[in-house]
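These are my notebook entries on a structure that I looked up. I set them down by topic for a reader who is new to it.

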Amino acid sequence: MDSTLVNWEALDRLILDFAKSENLIDDSASTSTISFPSSSPSSFSSSYQSRFIIRQIRRFLESGDIDSTLHLLRSHAPFILDDRRLLFRLQKQKFMELLRRGTDEARDSAIECIRTALAPCALDAYPEAYEEFKHILLAFIYDKDDQNSPVAKAWSERRRFEIAGLMSSVLRAHLQAYDPVFSMTLRYLISIHKGFCIHQGISSPISDLTERLLLEERDPPAVPQESFYEAPPFDEVDIQALAHAVELTRQGAIDSLRFAKGDLFQAFQNELCRMKVDVSMLDELVREYCVYRGIVDSGLALPSVPGLKTLAEPLKVGQSEPGCCSSRNYSFEVDNTNNKHSDGENSVSNAHMNVSPEDSVDVNSIQGTDVELRYACESTSYHEDCSTSGSHQAGISKVLQRNRNYTIGERSKRKRWRGRQDEEDYKQDLNATATSTNLSRDKQQGFEKHPSADINARDDKNEIVLGMKELVGRGMAAEVVEEVTALDPNFFMQNHVLLFQLKQVEFLKLVSSGDHTSALRVASSHLGPIASRDPSLLKPLKETLLALLRPNEDALGKGLPLHALSTSLQVAIGQKLGIEEPQLMKLMRATLHTHNEWFKLQMCKDRFESLLRVDSLKDVNTPLISACSMSKSNADSCTHGSSQVTISSSTRVSEEGSSPAQESSRDVCDENAILKVMEFLALPRADAIHLLAQYNGNAETVIQQIFA
């Protein structure tokens, strides 16, 4: 599939919102503190609290603990118990769980449950409830292991999951406890991606991700109350939009709209949240992306303290790196010039503090100071002596030496990844199943398989790439070119478009500062020669030179979004250093591409893309750089990410970008005719349009021909 432009900055915002909403990151303290807060935060958002309660109720029901479920419902959602339909199902399940225990005491409790709760509820729950009540009494005489008994389905533990899913759907809608936008967006895009691949008969390049991430099973739909069945008819446009967006039958879409009282977008969110995702896999994809983008700290390094300037590969006190001196002292150089507290014994000025591997660091004694952590045995050739990984190691060593102080400025801003610790605490309280325990042990064993030297080397490289990204974001193009060249002298020979773009930034920055002489020197020394070798860059060169005519404007600010260029450079350098781009980036690029293609086939605009921020993910604007004019030699690198962000001068995908055949089909077909064929023949929009085009847009003729 073709590479599709993605606004990675917009994705960063969605991801950060997701991580905060799900309490996956510690937003109360930065990584610059050595003592971390407790795993359970003191306050959650009401939405998180509601989702957490729903997850607790789901777990109770899936484990067959109906009493705990009822207790939680009375405390947090008593309105659920006012719905006699739901209460009857809960009491019926409680009866079966009591019998499942198999003891005389449990059987007596089951009889008491029938007398005091189940039978009274069966009288007015719903028309079929009393018949179901009489049928369930057969469980007294048929064993739970008898697969041929008339109550085999009632005995099945699958009933636990069905009622758990139903209760989750109802609670989610009533409490407005929808999953974060990113989670719903991912479900939607993957669903469309799968449908598009099936419709076109093509294989998905990301099927290994989509099949594991989005599960086939869905929660049962929330059933509307009987009073809603007399609701006025809904607009057919809404019915068809909902049905095809989340793969429902027409009747299913109508029921969903009834439950949402006609609110299309609420019904859409209800249906999206019924789709099940592998939460642990989603969290890991998000964590990988956040580390790659510098949103959260990798967690592989020693946490820094305020004022701590550290190497890009710090080791914990007492830890030695394989292949290096086994015993190493750490030297803290303390600069107290910024410390206002200079009285008494707390006064420290330009002092040195040596810490042996056996010692612990008392951070409280150096708070408020500027501290530099160095190795006592450190030499200028340290990295060259201790590592031999890869042909770029010498370049990496030089860049590390020059950018050793970068870490304190940026890493201290990053969030700390905490994961679903409150979820784990809750599981421990419930004596979590062996499955989750084994999963955690397997993940830990997998982590331990990586040698610490490899982890440190990977962390070093990622810090270098993030440093380059930060420099580009600040518009420091000349410094970036210098650092990249030191890292790999041949890099820009293989990525000349990136060099052209960086020199554009340098040119525009000089123009903005009024230094036209230096700007023209950059243009003649770099931009001109690159464009002469690649004629496709002549047009963006001309557009760049136009900045000279607008000296009073912010040429750099209006010239191009630096975040797009910084991401392009990050991906390209990362590939050069052997850092794979996150799987989530591949997933988003592929699914946004199929979203574009799908709605070209549908010949309409996606009614839900604004709700899910899909439009912002596609909104990439690069006014001066037109990389879709890239030469053939760079096409491959563009596809793999080195310049995928900067491909056109205005890259917001237009829903009007249809082929001539599609345009002619649209002209022939009336919207009402399209909806009529979709309704009567239960066809996708694209197929309905195709049929109407064959019969001059006459819906009645199409229907007659199909049934003839």
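Is aspartate 179 buried or exposed at its relative accessibility? I found that aspartate 179 counts as buried, at 16% relative accessibility; buried means under 20% relative accessible area, exposed over 50%, and partly exposed in between (1.4 Å probe, protein chains only).

**Basis of the entries**

I worked from a predicted model, in which local features need pLDDT of at least 70 and side-chain atom pairs count only at pLDDT 80 or more, while totals for chains, interfaces and linings use all residues. Residues are numbered from 1 along each chain as its sequence is written, and side-chain values use heavy atoms, with hydrogens and water left out.

**The chain as a whole**

I noted 35 helices and eight strands in the protein chain; these are DSSP runs numbered from the N terminus, helices being H or I of at least four residues and strands E of at least two. The protein chain has 708 residues, of which 50% count as buried. I recorded an accessible surface of about 33,500 Å² for the protein chain, with 50% of that belonging to carbon and sulfur atoms; the areas come from the Shrake-Rupley method with a 1.4 Å probe, and for residues only the protein chains shown count as cover. Of the contacts in the protein chain with a separation of 6 or more, 74% are between residues 24 or more positions apart; a contact means heavy atoms within 4.5 Å.

**Salt bridges**

I looked up the salt bridges next, each being a side-chain nitrogen of Lys or Arg within 4 Å of a carboxyl oxygen of Asp or Glu. The count by this rule is 40. Aspartate 179 meets arginine 187 in one of them, at 2.9 Å from N to O, and arginine 187 is buried with a relative accessible area of 5%.

Glutamate 271 and arginine 274 form another, with their closest N and O atoms 2.4 Å apart. Both lie in helix 14 (residues 264-274), three residues apart, about one turn of the helix. Glutamate 271 counts as buried at 4% relative accessibility, and arginine 274 does so at 10%.

In helix 13, aspartate 255 and arginine 258 are likewise three residues apart, about one turn of the helix, and their side chains meet in a salt bridge of 3.4 Å, N to O. Here I noted that aspartate 255 is partly exposed at 24%, whereas arginine 258 is buried at 17%.

I also recorded a network of salt bridges that includes Arg58, Glu62, Arg158 and Lys276.

**Aromatic pairs**

I counted rings of Phe, Tyr and Trp (its six-membered ring) as a pair if their centres lie within 6.5 Å, with planes under 30 degrees apart stacked, over 60 edge-to-face and the rest tilted. The count by this rule is nine aromatic pairs. Phenylalanine 18 and phenylalanine 182 make an edge-to-face pair, 5.8 Å centre to centre with 70° between the planes. Phenylalanine 18 is in helix 1 (residues 8-21) and phenylalanine 182 in helix 10 (residues 181-200), so this pair ties together parts 164 residues apart in sequence. Phenylalanine 18 is buried, at a relative accessible area of 1%, and phenylalanine 182 is buried at 1%.

I noted one aromatic cluster formed by Tyr188, Phe265, Phe268 and Phe608.

Glutamate 236 lies in helix 12 (residues 236-245) and is buried, with a relative accessible area of 15%. Leaving aside neighbours within four places in sequence, glutamate 236 is in contact with Arg250, Leu675 and Glu679.

Lysine 194 is placed in helix 10 and counts as buried at 16% relative accessibility. With neighbours within four places in sequence left aside, the contacts of lysine 194 are Thr210, Glu211, Leu214 and Glu216.

**Positive phi**

Most residues other than glycine have a negative phi. I therefore looked up two entries of another kind. 

Asparagine 23, in the loop between helix 1 and strand 1 (25-26), has a positive phi of about 60° although it is not a glycine. Asparagine 23 is buried, with a relative accessible area of 10%. Glutamate 247 also has a positive phi of about 60°; glutamate 247 is found in the loop between helix 12 and helix 13 (250-259) and is exposed at 52%.
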